[in-house]
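This report walks through one protein chain, from its overall build to a few of its individual residues. Please keep the sequence and the model in view while reading.

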Amino acid sequence: VRNKELACIEAGFFSDKIIKSENTTEEQLLEEVERLNNNPHIDGILVQLPLPSHINANKVIEHISPYKDIDGFHSENIGKLMQNKAHLRPCTPKGVMTMLDSIGCEVWGQNCVVVGASNIVGRPMAMELLNAGGTVTICNSKTKDIASKVKQADVVVVGVGIPKMVKGDWVKEGAVVIDVGINRLEDGSLVGDVDYEAIK
């Protein structure tokens, strides 16, 4: 959250952090979202996930106006992404596409593997790659022999929340690998979902 505040300051955006008690009811949170929906001075709304277990996160996301859904999680925005008509796009997949473009990685015609099928990263990531002309495979927790799928990929995007899951011998020479996983180990250090030392 702090980094998002700093990004707003750097970009010259007004931002307002609204902190709610963990005892806030679902109805109270929906009322807060509705208040922001109706505020003409607010252009974007972001609800920090995860929410307490007594609140239905999907219901809250769907209550955000799709025109103010800057996370791009509302079903209307996800639907537009699937039609390649996206206006507001999930930020991590969009960031990955920006990274690929910045290094001159042409997705068109490439074999792309997304490891992870979450609504936040995996699924929209697959759609971004598909919209860019990639041939996309999505691996989830039920996928058999994920390593063999990854070995065929020209572009690999990993976001599963399992430290160093993707091993060095899973990745073919010359493949582009982007790891969006963040995992804190018992010693306090941060690692991704890819065994970076083994792959580099």
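A residue is called buried when its relative accessible area is under 20%, exposed when that value is over 50%, and partly exposed in between. With that cut-off in mind, helix α6 can be described as mostly covered, since seven of its 10 residues are buried. The model discussed here is a predicted one.

## The chain as a whole

The chain holds eight helices and six strands, and, when it is read along the sequence, these elements follow the pattern α-α-α-α-α-β-α-β-α-β-β-β-β-α. The C-alpha trace spans about 50 × 40 × 35 Å along its principal axes, and 37% of the 200 residues count as buried.

How do contacts in the chain relate to distance along the sequence? Among the contacts between residues at least 6 apart in sequence, 54% join residues that are at least 24 apart.

The buried residues of helix α6 are G122, P124, M125, A126, M127, E128 and L129. Just after α6, the residue G133 takes a positive phi of about 95°.

The pairing of α6 with α5 can be followed in some detail. The axes of helix α5 (residues 91–102) and helix α6 (residues 122–131) come within 9 Å of each other and cross at roughly 40°. Because of that angle, α5 is oblique to α6, and the crossing in which α5 passes α6 is right-handed. On the α5 side the residues that take part are P93, K94, V96, M97 and L100, and they meet P124, M125, E128 and L129 on the α6 side. Sorted by class, this contact of α5 with α6 has seven nonpolar residues, two charged ones and no polar ones.

## Two nonpolar cores

The largest nonpolar core has 15 residues, and those with the most contacts inside this core are V115, I146, V150 and W170. Two or more residues each are given to this core by β1 (111–115), α7 (146–151) and β3 (155–158), and the largest share, three residues, comes from α7.

Which residues does W170 touch, once its neighbours within four places in sequence are left aside? The residues in contact with W170 are I146, A147, V150, K151 and M165. There is also a second, separate core of 14 residues, which includes A126, L129, V155 and I178.

## Backbone details in the loops

Most residues other than glycine have a negative phi, and most peptide bonds are trans. Against this background, a few places in the chain deserve a careful look. The peptide bond from L49 to P50 is cis, with omega near 0°, and P50 lies in the loop between α2 (26–37) and α3 (57–63).

Residue N84, which is not a glycine, has a positive phi near 60°, and its place is in the loop between α4 and α5. A positive phi, of about 55°, is also found at D145, likewise not a glycine, and D145 belongs to the loop between β2 and α7. Is D145 buried or exposed? With a relative accessible area of 51%, D145 counts as exposed, because the cut-off for that term is over 50%.

H63 is placed in helix α3, and H63 counts as partly exposed because its relative accessibility is 31%. Residues up to four places away in sequence set aside, H63 touches L30, V33, E34 and N37. For N37, which is 26 residues from H63 along the chain, the C-alpha atoms of the two residues are separated by 8.8 Å.

K167 lies in the loop between β3 and β4 (176–179), and K167 counts as partly exposed because its relative accessibility is 36%. Residues up to four places away in sequence are again not counted when K167 is said to touch D195 and I199. K167 and D193 are 26 residues apart in sequence, while their C-alpha atoms are 9.2 Å apart in space.

Key
Residues are numbered from 1 along each chain as its sequence is written. This is a predicted model: local features need pLDDT of at least 70, side-chain atom pairs count only at pLDDT 80 or more; totals for chains, interfaces and linings use all residues. Side-chain values use heavy atoms; hydrogens and water are left out. A nonpolar core is a set of buried Ala, Val, Leu, Ile, Met, Phe, Trp, Tyr and Cys residues joined through side-chain atoms within 4.5 Å. Buried means under 20% relative accessible area, exposed over 50%, partly exposed in between (1.4 Å probe, protein chains only). Helices (H or I, at least four residues) and strands (E, at least two) are DSSP runs, numbered from the N terminus. Contact means heavy atoms within 4.5 Å. Axes are lines fitted to C-alpha atoms, for helices over the stretch in contact, and angles run from 0 to 180 degrees between N-to-C directions. Angles under 35 degrees count as roughly parallel, over 145 as roughly antiparallel, 65 to 115 as roughly perpendicular and the rest as oblique. A crossing is left-handed if the near helix is turned anticlockwise from the far one by less than a right angle, and right-handed if clockwise. Ala, Val, Leu, Ile, Met, Phe, Trp, Tyr, Cys and Pro count as nonpolar, Asp, Glu, Lys and Arg as charged, and the others, Gly among them, as polar.
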